[in-house]
Amino acid sequence: MTEEDVVAELSDGMTIGIGGWGSRRKPMSIVRAILRSGLKDLTVVAYGGPDVGMLCAAGKVRKAVYGFVSLDSIPLEPHFRNARQNGTIEAMELDEGMLQWGLRAAAMRVSFLPCRAGLGSAIMDINPGLRTVMSPYDDGEEYVAMPALGLDVALLHANRADARGDAQYLGNDWYFDDLFAMAAKRTFVSCERIVEPDGFAAEGPPSTIRVTRIFTDGVVEAPHGAHFTHCVPDYERDEAFQREYTATAKDPEAWAAFKAKYVDIPEADYRRLIGVAS
Amino acid sequence: MSAATEPTLAEVCVVACAEAWRGDGEILASPIGTIPTLGARLAAMTFEPDLVYTDGDALQLAGPIPVGAAADVPKAVEAWVPFGRMFDIVWSGRRHVMMGATQIDRFGNQNIACIGPWEKPKAQLLGVRGAPGNTVNHPTSYWVPQHTSRVFVERVDCVSGVGYDRAHAAGPSANRFHEIRVVVSNKAVLDFDSPDHSMRIRSLHPGVTVDEVIENTGFPLTVPDAVPTTRLPTAEDLQIIREVLDPDNLRNAEVPV
């Protein structure tokens, strides 16, 4: 598949989960393709980084569901901040652990999972739909009933994948990509390089193949597809580019110029612009 | 002590943060920020040898590395702690986190989420991140590099970390594992060791007066009859901080001399 093929599978109003974490291993080439499309009114579920920020900046987001939205080395995602401060998006803010629990519930096809996280905090006030549940056992416990966060589609970026959708993660953390895939009706994986199924072994042990094709529906070969977020060990975050991106939140013209230069172009041109074209 | 070994304020704060983990034993210390990170690693290297710490990412370390070390600095890795496992550890209770606080109130409710109404904030900050889950699952401490009445406020805008009054009001399940251990600032160490779990001055950093702390705190504090001075770094503490853990002196960027 290409990024454009993935976008063709999406439609207005969908709930889309995005793997990775902050400014780490985000499927940015697919995000850029969404920005180029006419898609709108998306609900985005993520441990957010520039994926959420760019989708907000481009007006694609109706609602964001997140544990946080951060660029890591730049703690506050500037376009997400604008969206929140201008009130242009609806938000469901969750404790980081609660978000994985909601994905887990969806993956298990149960309507909620109990947890202690959230009790006593503003989470219960700012999410008026959240309920608690009494333990049915004789212990007097009352927990947050974290509702399932079912996704229409999950988008992931892996280091390697085979053409059938098994995905390999060579860094020290695969974050919650497997949960996003299992919580979604359909999952599309971009990867640095497509390998033959017998090619995984040369890259890393079987324990690095974290997502199975049981839970995926299509693969895009996208070298440097996570740029400017990091995709270790293939490449580190492009901090200079991230600063350039961050500066575009100050005025709409700067963002429009950034979008024209880096987003509204074919991916091959993008790779040439960032100096990684082969 | 000679002038060369006189501790800086940053070094006093590192030791005050280290003391937060005293007695914790074999649990995960999760410090956020330079001074707390130095504190956790110092505690593990001196009086709390079983304490567990990471590189700030997915690797649990068998030996210390300097703060701000490059990603490829050699590390002795004793375990693997990706974020999924980190949440498991949070919910197991075998962790003591030290977070920052944009605002903190008299009962230890902390805000890192936003300033102004959450629905349309004046300033969107970090969001609640892991604070709600941390505070009801295991001990939590806070580090405030600038002790002012803008941080120590009567009422926080968005309760991210849960304080004693709200944990109590939310019921036994919120209360069961809730503990705010200490708040370390650039002026003092504060705790909640008072009858109603409101904030109390535990110790003052050298040269700081009770009045100075009260003036810079936006709510009434409990003040014991005699307030001790915060424990000063030993010669060994200073050697470890200066030569092993922070040779590039990043600590003074967080707490200017």
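1. In this predicted model, B:Y142 stands opposite B:V183, a residue of strand β10 of chain B. The two strands concerned, β9 (residues 140-144) and β10 (residues 180-185) of chain B, run parallel and are joined by four bridges.

2. These strands belong to an open sheet of six strands in chain B, with mixed pairing and the order β1-β4-β9-β10-β11-β12. At its edges lie β1 (28-31) and β12 (200-204) of chain B, each of which pairs on one side only. On average, neighbouring strands of this sheet are turned by 20 degrees against each other, direction ignored.

3. Helix α1 of chain B packs on this sheet, where it touches β4 (95-100), β9, β10 and β11 (188-191) of chain B, and its direction makes about 180 degrees with that of β10(B).

4. The largest nonpolar core has 151 residues, and those with the most contacts inside it include A:V44, A:L55 and A:F180 as well as B:V14 and B:C17. Helix α1 (residues 9-20) of chain B supplies the largest share of this core, nine residues, while domain 1 (3-94 + 149-267) and domain 2 (112-147) of chain A each contribute at least three.

5. Leaving aside residues up to four places away in sequence, A:V44 touches A:I16, A:I18, A:V52, A:L55, A:V61 and A:A64.

6. Between the chains, 35 residues of chain A are in contact with 35 residues of chain B. Among the elements that give two or more residues to the chain A side are β3 (61-69), α4 (78-85) and α5 (96-108) of chain A, and α5(A) gives the most, with four residues. By class, that side has 16 nonpolar, ten polar and nine charged residues.

Definitions and conventions
Residues are numbered from 1 along each chain as its sequence is written. Chains are lettered from A and ligands numbered from 1 in the order in which they are written. This is a predicted model: local features need pLDDT of at least 70, side-chain atom pairs count only at pLDDT 80 or more; totals for chains, interfaces and linings use all residues. Two residues are in contact if their C-beta atoms, placed from the backbone, lie within 7 Å. Ala, Val, Leu, Ile, Met, Phe, Trp, Tyr, Cys and Pro count as nonpolar, Asp, Glu, Lys and Arg as charged, and the others, Gly among them, as polar. A nonpolar core is a set of buried Ala, Val, Leu, Ile, Met, Phe, Trp, Tyr and Cys residues joined through C-beta atoms within 7 Å. A residue is buried if 20 or more other C-beta atoms lie within 10 Å of its own, exposed if 12 or fewer, and partly exposed in between; C-beta atoms are placed from the backbone. Domain bounds come from an automatic or database domain assignment. Two strands pair if DSSP finds at least two bridges between them. Axes are lines fitted to C-alpha atoms, for helices over the stretch in contact, and angles run from 0 to 180 degrees between N-to-C directions.
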